[in-house]
Amino acid sequence: MADKIREIISAASKPAPGEAGRTGDWRSQTPAIDHEKCTQKDTCLLCWLYCPDGLITREFPLEIDLEYCKGCGICAEECPRKAITMVNGKVDEVGQESETAVAGSCLSTCP
């Protein structure tokens, strides 16, 4: 089923540097994929389809480009298996919180 979806549908946009550059630092929440719930067998790829920035891969295991992810949560809302959850703060690809993971935590260092 996933192969048929890939043949018919393509994402409307691709991440690319623009005026704002990498936008991953905008988010206050980070999507986390539970790969036990989202497997290649009978998957729907709705997260990939609805991601407004086209940041989710169509290959398995699914990955989200966190350098551009704004943390909108649409992928988590659309996932019928609830395999994507939104985690508070900014988390990089290896699961480490960034220095500005908590909103406002950087205020003491601002000029």
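Which residues form a nonpolar patch on the surface? In this predicted model, where residues are numbered from 1 along each chain as its sequence is written, local features need pLDDT of at least 70, side-chain atom pairs count only at pLDDT 80 or more, and totals for chains, interfaces and linings use all residues. Side-chain values use heavy atoms, with hydrogens and water left out.

The patch is formed by Leu49, Tyr50 and Ile74, which together have about 240 Å² of accessible area (Shrake-Rupley method, 1.4 Å probe, with only the protein chains shown counted as cover for residues). Patches of this kind join nonpolar side chains (Val, Leu, Ile, Met, Phe, Trp, Tyr) within 5 Å, taken from residues with over 30% relative accessible area and no salt bridge. Tyr50, found in helix α2 (residues 46-50), has a relative accessible area of 40% and is therefore partly exposed (between buried, under 20%, and exposed, over 50%); helices are DSSP runs (H or I) of at least four residues, numbered from the N terminus.

A search of the whole structure finds one salt bridge (a side-chain nitrogen of Lys or Arg within 4 Å of a carboxyl oxygen of Asp or Glu), in which the side chains of Lys70 and Asp53 meet at 2.9 Å, N to O. Both residues lie in the loop between α2 and α3, so the pair ties together parts that are 17 residues apart in sequence.

Technical notes. Patches are made of residues with over 30% relative accessible area and no salt bridge: like charges are joined within 9 Å, nonpolar side chains (Val, Leu, Ile, Met, Phe, Trp, Tyr) within 5 Å. Helices (H or I, at least four residues) and strands (E, at least two) are DSSP runs, numbered from the N terminus. Buried means under 20% relative accessible area, exposed over 50%, partly exposed in between (1.4 Å probe, protein chains only).
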